Amino acid sequence: MSRKVRSVRVPKELETLDLSGVIRECEKHLRDLESATMLKQQGNQDAAEALIKARQADLGKKLGKLVWEARVKFGKKGE
């Protein structure tokens, strides 16, 4: 799987966004979805749902932090 991002248009505030970090977090999320699918197939529906809910909340926090860090870097450049 290629990890290279060729072209992305983002606002100036997010030009320092760690795109590799975003991709890494999405990869982790996909692995957890696969784990949840396996749990569901094994008959453990409650564990699968709990894993998905926890990972979605975690993914949102981590991506939000990456966006926030990029915004802070942009603010420091403007000073």
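**Entry 1: Asp18 and Arg24**

I looked up Asp18 and found this residue partly exposed, with a relative accessible area of 33%. The model is a predicted one, and I keep that in mind throughout. Arg24 also counts as partly exposed, at 39% relative accessibility. I then checked whether the two side chains meet: Asp18 and Arg24 form a salt bridge, with 3.7 Å from N to O. I note the general point that side chains of opposite charge can pair when their charged atoms come close.

**Entry 2: the count**

How many salt bridges does a search of the whole structure find? The search gives eight. I followed up those that involve Arg55.

I placed Arg55 in helix 2. Is Arg55 buried or exposed? Its relative accessibility is 7%, and buried means under 20%, so Arg55 counts as buried.

I looked for partners next. Arg55 forms a salt bridge with Glu25, and the closest N and O atoms are 3.4 Å apart. Helix 2 covers residues 45-78 and holds Arg55, while Glu25 lies in helix 1, residues 19-41, so this pair ties together parts that are 30 residues apart in sequence. Glu25 is buried, and Arg55 is too.

**Entry 3: Arg55 and Asp32**

I found a salt bridge between Asp32 and Arg55, where the closest N and O atoms are 2.9 Å apart. Asp32 belongs to helix 1 and Arg55 to helix 2, so the pair ties together parts that are 23 residues apart in sequence. I checked the accessibility of Asp32 as well: at 24%, Asp32 counts as partly exposed.

**Entry 4: around Arg55**

Which residues does Arg55 touch, not counting those up to four places away in sequence? I listed Glu25, Lys28, His29 and Asp32. I then looked at how the charged residues connect. A network of salt bridges links Glu25, Lys28, Asp32, Arg55, Asp58 and Lys62.

**Entry 5: the nonpolar side**

In soluble globular proteins, nonpolar side chains tend to be buried together. Which residues make up the largest nonpolar core? I found five residues in all: Leu14, Leu17, Val22, Leu66 and Ala70.

Leaving aside neighbours within four places in sequence, Val22 is in contact with Leu17, Leu63 and Leu66.

Note on methods: Residues numbered from 1 in each chain as written. Predicted model: local features only at pLDDT ≥ 70, side-chain atom pairs only at ≥ 80, totals over all residues. Heavy atoms only, no water. Salt bridge = Lys/Arg side-chain N within 4 Å of Asp/Glu carboxyl O. Buried < 20%, exposed > 50% of the residue type's maximum accessible area, 1.4 Å probe, protein only. Helix = DSSP H or I, 4+ residues; strand = E, 2+ residues; numbered from the N terminus. Core = buried A, V, L, I, M, F, W, Y, C linked by side-chain atoms within 4.5 Å. Contact = heavy atoms within 4.5 Å.
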